[in-house]
Amino acid sequence: MSLLFIAPDRDLSSWESAIQDIDPNIEIDIWPAIKDKERVQFAVCWNHPQHLLDGFPNLKAVSSLGAGADHLLSDESLPESVDICRVVSPSLVQQMKEYILAAVLNIQRNFVQYIRQNDQRKWQPHNHPSPQELQVGVMGLGELGKPTAKQLAQLGYEVSGWSRSAKEIEGVTTFAKTEELHPFLNNTHILICLLPLTEETKGILNLDIFKQIDERGWIINAARGEHLVDEDLIYALDSNILQGAWLDVFSEEPLPDKHAFWNRNNVIITPHVASITKPDEVADQIVENYKRALSGLELNHKVNRELGY
Ligand code: NDP
Ligand code: OXD
């Protein structure tokens, strides 16, 4: 039986060795070099070519190489009988906490402006709010959003959080469902998106939402590019509805040269690096799920196809 990796834009050599360090008996294929399609029972994918996964008659389960599984769920050719799982790891959580904290601190302390001022040799101090004066709203309170919100609250920020089901998080004012989106957004100065990409959340970062947060607020999107309506962001920035945007993810990656987000003083761009899956940190859970799939056991971190995450 074989475990197949499909990730066209990644160097997979360290994945192969990380898996074999745990169990040297696992047979590994790396797409497109597949020895025997019939032997493939488990696949690990990142941005696989769509319609590729229906060509494996004995495929039992597919794991995302990362935390998000939207790239798998959007492949309509993936048979219903194939279970989907994703990776969840303390390292992904830690990296996301660092990324969001860095962005929030840079915004709060005006470092974005100071870095731009450096280019002009301009000595111009700006007032900055204290954490207690800054309302930070976290959309998505899952594996990544919940610890991120909690950390910000522990550091003194006024934190609110929004999710599908109701939550209780120490120090965080929580809201749930569409009905509570408006009160959640009210007074938010920095809006952070850590939602999965689903039919319901696609395009959620739009003009209507931007108008509901604090005047001259910021958005941070470290979830998926398709959460954001790009034209609405440009309009909101140009109309002073928003002060700035900190973006790690984009509808098209790499962000095309001609995209309007480049070269704007008030858009910070990072190349999808908020939280990176490291092979040696998650190989054990991939091996565990591979073995579970082969034995017909329930997968860990299984994705709910109906909910879309
Ligand atoms: P989880 O599935 O653990 O959490 C998702 C959260 O979003 C849950 O709290 C869920 O609510 C909430 N949610 C889902 N749908 C809705 C909705 N319609 N309305 C309100 N809340 C909703 O995901 P993770 O925290 O692990 O990851 C989140 C996303 O971050 C990933 O899907 C991925 O796209 C992105 N990501 C980006 C990375 C990067 O490097 N930029 C790295 C890793 C992940 P409930 O709790 O009620 O289920
Ligand atoms: C992920 C990502 O989902 O890297 O893990 O975006």
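How many disulfides does a search of the whole structure find? The search finds zero disulfides, a disulfide being a pair of cysteine sulfur atoms within 2.5 Å. This is a predicted model, in which local features need pLDDT of at least 70 and side-chain atom pairs count only at pLDDT 80 or more, whereas totals for chains, interfaces and linings use all residues. Residues are numbered from 1 along each chain as its sequence is written, chains are lettered from A and ligands numbered from 1 in the order in which they are written, and side-chain values use heavy atoms, with hydrogens and water left out.

- C45 takes part in no disulfide, and the nearest cysteine sulfur, which belongs to C85, is 10 Å away.
- Seen from C85, the closest cysteine sulfur is the one in C45, and the 10 Å between them is too far for a bond.
- C45 is buried, with a relative accessible area of 0%, and C85 is likewise buried at 0%; buried means under 20% relative accessible area, exposed over 50%, and partly exposed in between, with a 1.4 Å probe and protein chains only.

**The seven-stranded sheet**

- Seven strands form an open sheet in the order β8-β7-β6-β9-β10-β11-β12, with parallel pairing; two strands pair if DSSP finds at least two bridges between them, and helices (H or I, at least four residues) and strands (E, at least two) are DSSP runs numbered from the N terminus.
- The edges are held by β8 (172-176) and β12 (267-269), and because each has a single partner strand, one side of each is left without a neighbour in the sheet.
- From one strand to the next the twist averages 15°, where axes are lines fitted to C-alpha atoms, for helices over the stretch in contact, and angles run from 0 to 180 degrees between N-to-C directions.
- Within this sheet, β6 (residues 135-139) and β9 (residues 190-193) pair in the parallel sense over four bridges, and V138 stands opposite I192 in β9.

**Ligand 2**

- The residues surrounding ligand 2 are W46, G66, A67, G68, R224, H272 and S275, a residue being near a molecule or strand if one of its heavy atoms lies within 4 Å of it.

**Ligand 1**

- Ligand 1 is surrounded by 29 residues, of which the closest are R86, L144, S165, K167 and Y309.
- Taken alone, ligand 1 exposes 940 Å², and the protein buries 93% of that.

**Two further positions**

- K146 is found in helix α5 (residues 145-154) and is partly exposed, with a relative accessible area of 36%.
- S2 lies in strand β1 (residues 2-6) and counts as buried at 0% relative accessibility.

Note on methods. Accessible areas come from the Shrake-Rupley method with a 1.4 Å probe; for residues, only the protein chains shown count as cover.
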